[in-house]
Amino acid sequence: VPYSEALVNFVFFAVNFVAVLVIFRKFLAANFRSLLAYPWYTLRCAALGFLIYMGGNAIFSLVVTALVPDFANINDAAIMEMVQDHFGLMTIGTVFLVPIAEECFYRGLIFRNLYDKSPFLAYAVSMVIFSLAHVLGYVGMEDLSTLALCFLQYLPAAFALAWSYRRSGSIFAPILIHMVVNQTGML
């Protein structure tokens, strides 16, 4: 019996989540202590980061809709198809497991380690890698113009997530934004 795409993705999300908890346990613990020490500041930074994301996404949508009226993000469409098949698994994976794993990797590892060398480089590299990760699985299945638009659509989110991490000093600000964005997208 072949496994559904949603189940395979959920298992992938779960394995990544467990690996992140093991590898980033000290980082997460230190950030959790920071969250407990400054919860309202972290929440304010997350709220501002969410507004930055929404503004960037709205501008992108206006421009793209004017240029390519029938544009649809292929990754979002694939996720929504899996959500329809397995809402519970995809909710747990997309809303809870993925944001923690991705934020630890893209902001906690890449952004944080590059920031002292060059803030510009930290933003640029973490944004490009984050955006590419959401598009590369579709190379060969979609035309380059669609892939390029999908890539560009992830840049406002990547910027907002990096900004909220830097501003708050806690990985939990971008995790919270990522959870809200993913939950909103699923609904």
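**An aromatic cluster and its surroundings**

Ring pairs join Phe 111, Tyr 115, Tyr 123, Phe 159 and Tyr 165 into a cluster. Rings of Phe, Tyr and Trp (its six-membered ring) pair if their centres lie within 6.5 Å; planes under 30 degrees apart count as stacked, over 60 as edge-to-face and the rest as tilted. The model is predicted, so local features need pLDDT of at least 70 and side-chain atom pairs count only at pLDDT 80 or more, while totals for chains, interfaces and linings use all residues. Residues are numbered from 1 along each chain as its sequence is written, and side-chain values use heavy atoms, with hydrogens and water left out.

By the ring rule, the count comes to 11 aromatic pairs. One of them is Phe 111 with Tyr 165, an edge-to-face pair with 6.1 Å centre to centre and 75° between the planes. This pair links distant parts of the chain. Helices here are DSSP runs (H or I, at least four residues), numbered from the N terminus.

Buried means under 20% relative accessible area, exposed over 50%, and partly exposed in between (1.4 Å probe, protein chains only).

Tyr 165 also takes part in a helix contact. In H7, Ala 160, Leu 161, Ser 164, Tyr 165 and Ser 168 meet Ala 173, Pro 174, Ile 177 and His 178 of H8. Contact means heavy atoms within 4.5 Å. The residues of this contact divide into 6 nonpolar, 3 polar and no charged. Ala, Val, Leu, Ile, Met, Phe, Trp, Tyr, Cys and Pro count as nonpolar, Asp, Glu, Lys and Arg as charged, and the others, Gly among them, as polar.

How do the two helices cross? The axes of H7 (residues 144–168) and H8 (residues 172–186) come within 7 Å and cross at roughly 145°. Axes are lines fitted to C-alpha atoms, for helices over the stretch in contact, and angles run from 0 to 180 degrees between N-to-C directions.

Next, Asn 75. Its place is in helix H4 (residues 74–85). Asn 75 is buried, with a relative accessible area of 12%. Leaving aside neighbours within four places in sequence, Asn 75 contacts His 134, Tyr 138 and Tyr 154.

Ile 23 lies in helix H1 (residues 5–23). Ile 23 is exposed, at 64% relative accessibility.
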